[in-house]
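Hi,

Here is the structure I promised to send over. Have a look at it first, then read my notes on the aromatic side chains below.

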Amino acid sequence: MKNILIKIFLTAFFILPSIIYAAATPVKTEDGYIVYDEQKSDLIRFKYDDVLVEPGSVGTGDWFPKCTSLMNTVGFPTFKINLFYGAAMSMDMAGRGVARWPEAVRLYFEGEENEGHASMDYGIQLEAIRKSCGQNDSQSEPIPNIPNFDLRFFDKKTFTPFLMDGSIQDPISLQDSIDHFDIWSGSLHDLIGISIGVGPIDIAQMLMLSFDLDGYMFAEIFGSKMVIDEKAGRFMSADNQFVVVDPSMVDTNIKVPIHYEAQRYMQIKMVFTIGIYINVVLFDIGVDIPIAIPFNVPKKTWVFNSNTVRFDFPAFFIKERMHNFLRTRPGDDDSWEFEVENIGSKKLVGKMLMETENNDFVLYGEDVSLDPGESTTVKVVFKPRTEGVKTGVVKFFTNDPVEPETNVALYGYGSKEDEYDSGAKESDESHYSVTTTTGGCSTVIMDDSNSSLAIYILIAAALLSLTVLRRRRNEA
């Protein structure tokens with residue numbers, strides 16, 4: 001029976017992933033029902049910031065001096081010089097823990113749609129610009145002799161988080177590049193400020209130089225593992241996707257402390273190129289000398305903030321798991337009521353069925369629905385069709401992960417016509433009475449509840465009879 005339930009559960013769990021049970025769902029099988037259930041935890045968030053250089057800026061932060069009314073003159077200059085810098089990467093994910101059962105509680109974690117974010121901002125930027133107050137104060141231009149540049153790698157993505165299951169198949173990729181950034185270009189004369197040559201020929205003017213920078217940054221963030229309370233006997237299953245909680249470990253609620261680890265992998269490549277060109281009257285001679293700037297950025301493991309995920313479970317409780325009905329003649333009936341209770345912390349939902357060979361027992365009701373702490377009464381009637389021993393079973397199929405199936409055994413006896421119920425109560429043995437006649441004058445009822453008293457009365461009556469007979473003989 002248990003193996004069949006496991007097979008059916010695994011089939012529904014893995015082959016039919018599109019079926020999502022928002023609440024306990026009884027599914028009819030050949031043996032009764034299987035009650036699938038799931039619960040999602042509150043939203044949990046994992047966040048990690050990898051900051052090498054705190055982002056910041058140096059400079060005026062605004063135009064200086066401001067274009068006030070006293071300076072509102074056409075052509076009056078105002079300046080802004082800022083240096084932005086920083087080296088930081090971050091990632092955060094939001095998701096919920098999910099528990100599904102009945103045969104065993106399987107825990108996994110799924111991301112919330114559009115609740116994943118990853119960003120990187122590495123590099124430096126300098127802006128040195130000026131504008132004129134007055135009619136053209138909306139126009140600005142770079143300040144001469146100050147190199148404006150932007151050497152930042154920046155990328156930001158919003159994504160649907162992958163299953164937090166240790167998978168490395170779906171990384172979050174961040175990338176940016178610098179293409180042919182002109183750091184400086186000019187003649188050697190411009191660079192050193194002096195002439196080199198003989199007579200009218202200035203080699204410093206003929207020799208042209210350029211300094212360019214190319215490079216890229218590529219970062220991948222991918223799952224490593226979800227660490228869960230393994231000391232309590234819970235363990236990651238073989239496919240590294242689910243945590244299986246053995247039913248014996250499930251109380252009415254469990255708290256699972258978890259933290260998420262991810263790996264960050266980064267590549268940085270920078271190429272500094274020096275171009276040398278000589279202008280000759282008839283032709284130009286030029287050569288580029290690339291110089292690779294090495295970077296060593298190893299893999300790094302990020303340990304995100306820890307969370308505690310709580311799950312609640314129902315717990316089905318029946319005090320009486322067996323009942324003996326009174327001896328009942330065919331055509332008559334005897335009834336019994338018993339209490340079922342949900343002692344768990346989640347709503348209990350299920351079905352109940354009667355199994356009896358000749359329909360000698362009748363169960364009133366079919367559905368079970370109990371809030372935490374709630375109880376209800378179940379009624380069963382014994383109505384034998386024939387004489388002899390009768391048996392039956394009330395089967396409860398619920399979303400209790402520890403005891404998904406609970407049985408209550410029923411016993412009864414269809415009595416003969418000359419046997420009748422003596423009014424025995426629940427938990428007493430069944431009684432029957434035999435009627436005897438003494439001397440045709442009176443009747444004495446004998447059964448196992450007054451047999452001792454009856455014997456004493458018979459003995460006293462016998463002694464009295466003997467005494468009377470002796471007196472009559474003596475008188476004769």
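One thing before the details: this is a predicted model.

Let me start with tyrosine 260, which counts as buried at 0% relative accessibility. I went through the whole structure for aromatic pairs and got 16. In this one, phenylalanine 46 and tyrosine 260 are tilted, with 55° between the planes and 5.9 Å centre to centre. Phenylalanine 46 belongs to strand β3 (residues 44-59) and tyrosine 260 to strand β15 (residues 253-279), so the pair ties together parts that are 214 residues apart in sequence.

Strand β3 turns up again with tyrosine 48, which pairs with tryptophan 302. Their planes are at 25° and the ring centres 4.8 Å apart, so this pair is stacked. Here too distant parts of the chain are linked: tryptophan 302 sits in strand β17 (residues 300-303), 254 residues from tyrosine 48 in strand β3. Both tyrosine 48 and tryptophan 302 are buried.

Further along, there is one aromatic cluster to click through, made up of Phe316, Phe325, Trp336, Phe338, Phe361, Phe382 and Phe396.

Finally, a couple of charges over rings. Arginine 327 lies over the face of tyrosine 413, 4.2 Å from the ring centre. Lysine 379 has its charged end over the ring of tyrosine 364, at 5.5 Å from the centre.

Cheers

Methods:
Residues numbered from 1 in each chain as written. Predicted model: local features only at pLDDT ≥ 70, side-chain atom pairs only at ≥ 80, totals over all residues. Heavy atoms only, no water. Phe/Tyr/Trp six-rings, centres within 6.5 Å; stacked < 30°, edge-to-face > 60°. Helix = DSSP H or I, 4+ residues; strand = E, 2+ residues; numbered from the N terminus. Buried < 20%, exposed > 50% of the residue type's maximum accessible area, 1.4 Å probe, protein only. Lys NZ or Arg CZ within 6 Å of the ring centre and 35° of its normal.
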